[in-house]
Amino acid sequence: MSRKRQGKIWIEGMDSPMINATLSGKQFREELGERTSVSILPDIWVIKIGGQSIMDRGKSAVLPILKELIAAHGRGVRFILCTGGGTRARQVYSLGLDLNLPTGMLARLGGTVPVQNARMLQLLTARHGGIVIYPDDFDKLPFFLNTGCIPITSGMPPNEFWEKTAAVGMIPSNRTDAGVYLLGEFLGAKGVLYIKDEEGLYTDDPKKNPDAEFIPDITAQALLDSGQDDLVVERIVLEYISRAEKVRKIQIINGLKAGTISAALEGESVGTIIRAA
Amino acid sequence: MSDFVKDDGRTHMKSGLMRESLVSKTLIEQTDTATVQRMVPDVCMLAVGGRSIMDRGSEAILPLVAAIAELKKDFKLIVGVGGGARARHTYEIGIDLDLPIGGLARIVGGVEENNRDILQFLLAPHGGITFIKDHFQDLQLFLGNGMIPICIGQPPYHFWEPPSKEKGRLPDNGPDVGLFLQAEVIGAERVIYIKDVDGVYTDDPQKNPDVEFIPAISARELLDGDFPDLPIERELLRTLDDSRSVTSVRVINGLDTDNLRRALNGEDVGTIIYSRRYSAAEGRNQ
């Protein structure tokens with residue numbers, strides 16, 4: 001015989017303020033206090049290799065970067081490699097936009113190309129321990145890392161059909177920069193590093209505007225408030241950093257310049273640093 | 001190979017987005033559109049409350065199951081469900097253990113699966129089957145064969161759950177948001193939240209007797225106004241307001257199952273919450 005309280009199944013030990021809360025109560029949420037949480041893998045770097053900026057350049061860019069990363073791995077630096085999509089992702093977004101597909105569908109389509117890129121990197125790093133991992137493998141990360149493997153994964157978050165439509169525009173707001181950042185934030189990672197083909201952040205796209213000025217260090221809020229049209233990372237990452245608990249800064253570096261990755265992994269302020277505050 | 005452009009060291013494919021950062025505000029504005037293609041436009045999403053319906057046991061669940069079985073003869077339905085008391089207990093223990101928000105989001109869906117499996121069992125004689133992420137694109141196979149797909153609500157953001165906008169330590173995204181987003185990408189005809197209150201009030205009517213019923217309100221007004229408690233997630237309101245296909249949702253009292261019949265028939269029952277793109281004249285989405 002089931003016991004009930006206020007019309008709902010009740011068992012010993014269930015009483016708590018949360019049980020009868022709707023979870024939308026403002027006061028209830030405030031009373032939960034500030035976010036503090038354990039760090040899951042605090043010694044691990046989360047590193048993104050750009051799709052258009054690095055992968056689409058082929059071996060002239062990819063091989064030296066992998067060499068530098070593998071050397072760092074040999075020195076005991078531990079990291080997860082994440083991939084961007086690049087040109088093929090842009091092509092399929094373009095096709096999807098032309099067909100007026102919803103954002104959730106575009107996010108689904110955008111997910112396949114970074115997986116291809118992850119597989120390419122795995123083939124190139126297999127003899128140094130490169131393995132491809134998928135979201136369902138993430139609770140085995142300590143095992144992979146402790147065996148000396150280099151986990152390689154798509155930077156895309158697993159949102160797919162559940163990606164929200166943006167207020168303006170149809171391209172998914174959460175793409176590989178966002179997925180990489182959120183992964184780092186969840187892990188409480190040592191740092192989140194974006195390897196691109198520019199020194200870092202400029203006031204405009206330096207590939208199109210030669211007058212663009214370099215910005216070495218800036219807060220996410222200042223960057224959002226500046227209203228600048230183009231950015232070196234997805235805009236939603238700036239919003240996430242502002243609200244984050246663990247990863248309060250990201251670093252964007254030029255992987256085409258030898259030594260930059262090593263310098264960043266040693267904690268040097270190369271490239272651009274975007275901070276929460 | 002003539003469609004490839006290699007003049008800057010990168011191999012581009014010619015497309016409207018070639019060389020674009022996809023971050024430029026100007027570019028993003030150019031991709032804007034008011035409506036999008038619909039995948040399965042004649043389906044209705046029924047979001048069954050975990051705490052409000054499932055935790056009430058047989059007295060609430062069995063009449064609802066009977067009503068869904070009957071209404072399925074006239075409507076294509078997807079049934080989604082939340083976690084209820086066990087989801088709250090999960091959060092309570094998870095927060096005490098200082099788990100990060102992505103950890104909470106990863107774990108909480110497990111108890112929704114209990115509720116999905118219970119509804120699937122009860123609806124099986126009428127075609128109830130479990131509907132999971134990997135079979136999302138098989139939806140028409142199920143509907144075309146007279147089945148009732150039954151799914152969990154929590155969206156699969158898992159470890160990638162963003163830092164919350166709301167105060168406190170809970171994920172912003174729960175089953176209300178997850179079921180809405182499924183309906184949005186499907187381009188569903190209606191989304192109906194089945195709860196144990198008549199709709200939206202100025203505060204929780206089960207705790208505060210001094211409340212007023214709201215038959216119709218915009219998502220923006222609900223977000224910005226002084227509403228200490230709501231029967232739906234606040235993130236649902238933000239998500240709804242930016243949506244392109246599903247521009248309104250309805251919150252009804254499922255303890256009287258006639259409300260469900262009326263809502264599916266487009267009658268004005270419970271509370272309608274509408275987005276800035278909602279157009280009553282179009283007659284879509286209620």
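Author: Two strands pair if DSSP finds at least two bridges between them. Strands are DSSP runs of E with at least two residues, helices are runs of H or I with at least four, and both are numbered from the N terminus. This is a predicted model, in which local features need pLDDT of at least 70, side-chain atom pairs count only at pLDDT 80 or more, and totals for chains, interfaces and linings use all residues; side-chain values use heavy atoms, without hydrogens or water. Residues are numbered from 1 along each chain as its sequence is written, while chains are lettered from A and ligands numbered from 1 in the order in which they are written.

Let's begin in chain B. Strand β11 (residues 248-253) of chain B runs antiparallel to β12(B), and 4 bridges join them. In one of these links, V249(B) has I273(B) as its bridge partner in β12(B). Strand β12 (residues 271-274) of chain B also pairs with β10 (residues 216-218) of chain B, in the parallel sense and over 3 bridges.

Now turn to chain A, where 8 strands form an open sheet with mixed pairing, in the order β5-β6-β4-β3-β7-β11-β12-β10. Its edges are β5 (130-132) and β10 (217-219) of chain A, each pairing on one side only. With axes as lines fitted to C-alpha atoms and angles from 0 to 180 degrees between N-to-C directions, neighbouring strands of this sheet are turned by 25° against each other on average, direction ignored. Within the sheet, β7 (residues 191-196) of chain A pairs with β11 (residues 249-254) of chain A in the parallel sense over 4 bridges, and Q251(A) is the bridge partner of L193(A).

Finally, let's see where the chains meet. Counting heavy atoms within 4.5 Å as contact, 83 residues of chain A and 92 residues of chain B take part. The buried area (accessible area, 1.4 Å probe, lost on being put together and summed over both parts) is about 7,700 Å², 57% of it on carbon and sulfur atoms. R29(A), W162(A) and K164(A) supply 11% of the area that chain A buries against chain B, more than any other three residues.

There are 4 salt bridges between chain A and chain B, each a side-chain nitrogen of Lys or Arg within 4 Å of a carboxyl oxygen of Asp or Glu. One of them joins K164(A) to E235(B), with the closest N and O atoms 2.7 Å apart. Several elements of chain A give two or more residues to the side touching chain B, among them α1 (26-31) and α3 (87-98). The most, 7 residues, come from α3(A).

Definitions and conventions:
Buried area = accessible area lost by both parts, 1.4 Å probe.
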